Amino acid sequence: MTYENIIAEVKGNVGLITLNRPKALNALCDALIADLAAALDDFESDESVRAIVITGSEKAFAAGADIKEMIDRDYMDVYKADFITKGWTRMAACRKPTIAAVSGFALGGGCELAMSCDIMIAADSAKFGQPEITIGTIPGAGGTQRLTRAIGKAKAMEMCLTGRMMDAEEAERSGLVARVVPADSLMDEAMKLAEKIASFSAPVAMKVKESVNKAFEMTLAEGLMFERREFHSTFALEDRAEGMKAFGEKRKPEFKHR
Ligand code: CO8
């Protein structure tokens, strides 16, 4: 499938989405968000895809929602259309593991999109920020929520209240990104990570993702119970039987993703 604002391709068992509006630093216009949602639908229904990487260009992962598209909208426009809810929540709703490979600017909605992914890997050139306050608005796709959970109140407040950008090294130190790598090896490292995840049982990886995400939604007792039930449920999988059998036989497991 070809899209106007992104490039979507399957490489081995990894679905790769490259945001592709270079002239606007990958600003997330409505059409791009629709393309992204459609590509994710495709990847979710493609059984060969077991992990998804989303990236931008060297200069910008994405410089935010498209400001030019928003300029003339009024309250009733965004309220009636429930602006952001449909397309924007698609990434967070993705059941397969997702990795954001971030180079350059990840600002506003760009930072929020990256934070909707399960793992963020940053090039040493990456810059994160929630600059909405500088244009008279506030984050609308998780900037005040996911950022606060990731890096804590002190830094999240500072970033959202001043629009200050955080570089890659600080982002790693603060817990926003899993790893910082040299810019020229970003895609190699992100694809390697995705391929590693894709080499494991797909339903098990989905259960890991769902369980970790519950930590942000439930009390500890509820989360522990959810985890235990998911753990129990892996005993219904052929891949659990194969994984443990292979360990006993000192060989590599051959997962069937069932
Ligand atoms: N929207 C539209 N166009 C943009 C955006 C954007 N967010 N960012 C950059 N561009 C365009 C510029 O207008 C410029 O276009 P043109 O050449 O036609 O003038 C082109 O991209 C290149 O940009 P610059 O010349 O500004 O490049 P610089 O290297 O000088 O600066 C910056 C790079 C610092 C990233 C700068 O472009 C900038 O500050 N961009 C805006 C960042 C920002 O404020 N982002 C937050 C947007 S609001 C938001 O994301 C709310 C999210 C809410 C949830 C989602 C709801 C949909």
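Domain bounds are those of an automatic or database domain assignment, and for the protein chain this assignment gives domain 1 (6-198) and domain 2 (201-249). The model is predicted, so that local features need pLDDT of at least 70 and side-chain atom pairs count only at pLDDT 80 or more, whereas totals for chains, interfaces and linings use all residues. Residues are numbered from 1 along each chain as its sequence is written, and side-chain values use heavy atoms, with hydrogens and water left out.

The centres of domain 1 and domain 2, taken over C-alpha atoms, are separated by 27 Å. To the contact (heavy atoms within 4.5 Å), domain 1 gives 9 residues and domain 2 gives 6 residues. The buried area, defined as the accessible area (1.4 Å probe) that two parts lose on being put together, summed over both, is about 640 Å² between domain 1 and domain 2, with carbon and sulfur atoms giving 57% of it. On the side of domain 1, the most area is lost to domain 2 by Arg95, Asp118 and Arg149, which together account for 55% of what that side buries.

Pockets were identified on a 1 Å grid over the protein atoms alone, a pocket being an open set of points with protein on both sides within 12 Å along at least five of seven lines, and lining residues being those with an atom within 4 Å of a point. Grid points are joined across faces, edges and corners, and a volume is the space filled by probe spheres set on the points. The largest pocket has a volume of about 1,000 Å³, and domain 1 and domain 2 both give residues to its lining, so this pocket lies between them. Of its 32 lining residues, Met115, Cys117, Asp118, Asn213 and Phe216 lie nearest the centre. With helices (H or I, at least four residues) and strands (E, at least two) taken as DSSP runs numbered from the N terminus, at least two lining residues come from each of α5 (90-93), α6 (109-116), β7 (119-123), α7 (146-151) and α11 (202-214), and α11 supplies the largest share, 8 residues.

The second largest pocket has a volume of about 410 Å³. It is lined by 21 residues, with Ala65, Met70, Glu132, Thr137 and Ile138 closest to its centre, and α2 (67-70) and α6 each supply at least two residues of this lining.

A salt bridge, in which a side-chain nitrogen of Lys or Arg lies within 4 Å of a carboxyl oxygen of Asp or Glu, is found 17 times by this rule, and 1 salt bridge crosses the interface of domain 1 and domain 2. Asp118 forms a salt bridge with Lys209, the closest N and O atoms being 2.9 Å apart. In the salt bridge of Arg21 with Asp66, the closest N and O atoms are 2.8 Å apart. This pair links distant parts of the chain, 45 residues apart, with Arg21 in the loop between β2 (14-19) and α1 (30-45) and Asp66 in the loop between β4 (60-62) and α2.

Note on methods
1 Å grid on protein atoms, 1.4 Å probe; cavity = no way out; pocket = protein on both sides within 12 Å on 5 of 7 lines; lining within 4 Å.
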